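Try each task before you read its solution.

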Amino acid sequence: MKILVVVAHPRTDSLTSSMAKRFTEGLTEAGHEYEIADLYAEGFNPLLQPQDEPDWNNPNKAYSDEVLREMDRIRASDAIAFIFPIWWYSVPAILKGYFDRVWNYGFAYGPAKLPVQKIRWIALVGETQAKFEKREYHLLVQQHLNVGLAGYTGVQDSNVHFMYNTIGEFAEGRQETNEAHFAALLNEAYRIGHTF
Ligand SMILES: Cc1cc2nc3c(=O)[nH]c(=O)nc-3n(C[C@H](O)[C@H](O)[C@H](O)COP(=O)(O)O)c2cc1C
């Protein structure tokens with residue numbers, strides 16, 4: 001499979017970026033091909049301007065060159081993996097803008113469906129799993145990503161992998177060191193790539 005790996009983080013030395021690296025190592029080991037779309041590094045502009053505003057009467061509207069390039073990258077892929085930190089119980093703004101602009105009318109929805117078979121979301125969560133789930137934020141995020149985004153664009157095979165406790169503030173009584181915890185998270189990213 002050819003997988004488009006969309007990464008959203010302002011720093012290339014972040015845990016998110018390391019996760020993306022381990023994930024792609026897993027993909028390669030399993031014989032997959034991939035292309036990285038590092039939205040910050042590539043200077044992706046998340047602001048939707050009039051040229052990329054959908055025209056409900058014209059699904060073939062000529063969108064901006066940047067959007068057309070991103071659509072081509074998706075067309076050249078069988079699947080997409082998104083790797084990003086959870087910011088305010090959602091995706092970073094640059095990724096929201098990617099959906100606003102690239103997953104556009106006539107390409108991802110309306111008379112068309114997003115032309116990929118599957119989507120995986122690797123979401124880094126600062127909080128512990130217990131704290132995150134206490135207010136059911138996992139359900140909120142799953143509903144948003146699996147139903148609001150993947151489902152709406154016709155991709156049924158969509159799964160969210162939460163990577164918890166990414167800041168390393170462990171719950172009291174926990175035995176694991178930060179080092180061991182981050183190593184386990186990176187191994188999990190590799191496993192998700194390897195079993196993609
Ligand atoms: C603007 C912002 C908003 C955040 N919102 C949340 C949040 O809603 N829930 C949460 O668990 N962590 C939140 N965090 C923590 C990040 O998820 C955490 O810093 C990140 O997963 C760590 O990975 P990184 O080192 O690659 O950035 C937020 C961080 C930032 C900077």
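**Exercise 1.** How many nonpolar, polar and charged residues does the shell around the ligand have?

*Solution.* Start with the ground rules: this is a predicted model, where local features need pLDDT of at least 70, side-chain atom pairs count only at pLDDT 80 or more, and totals for chains, interfaces and linings use all residues. Residues are numbered from 1 along each chain as its sequence is written, and side-chain values use heavy atoms, with hydrogens and water left out. Now sort the shell by class: 9 residues are nonpolar, 5 are polar and 1 is charged. Here Ala, Val, Leu, Ile, Met, Phe, Trp, Tyr, Cys and Pro count as nonpolar, Asp, Glu, Lys and Arg as charged, and the others, Gly among them, as polar.

**Exercise 2.** Find the polar contacts of the ligand (pairs of N or O atoms within 3.5 Å).

*Solution.* Begin at T16, where an N or O atom of the side chain is 2.7 Å from a ligand oxygen. Next, go to the backbone: a polar atom of L15 is 3.3 Å from an oxygen of the ligand, and an N or O atom of W88 lies 2.8 Å from a ligand nitrogen. Finally, turn to area: the ligand alone exposes 640 Å², and the protein buries 73% of that (Shrake-Rupley method, 1.4 Å probe).

**Exercise 3.** Which strands stand at the edges of the sheet, and why is one side of each left without a neighbour?

*Solution.* First write the order of this open sheet of 5 strands, β2-β1-β3-β4-β5, with parallel pairing; strands are DSSP runs of E, at least two residues, numbered from the N terminus, and pairing takes at least two DSSP bridges. Then read off the ends: β2 (33-38) and β5 (157-163) each have a single partner strand, so one side of each lacks a neighbour in the sheet. Last, look at β4 (residues 118-124), which 7 bridges join to β5; R120 has N159 as its bridge partner in β5.

Key: Polar contact = N/O pair within 3.5 Å; in protein donor to acceptor, adjacent residues only side chain to side chain. Helix = DSSP H or I, 4+ residues; strand = E, 2+ residues; numbered from the N terminus.
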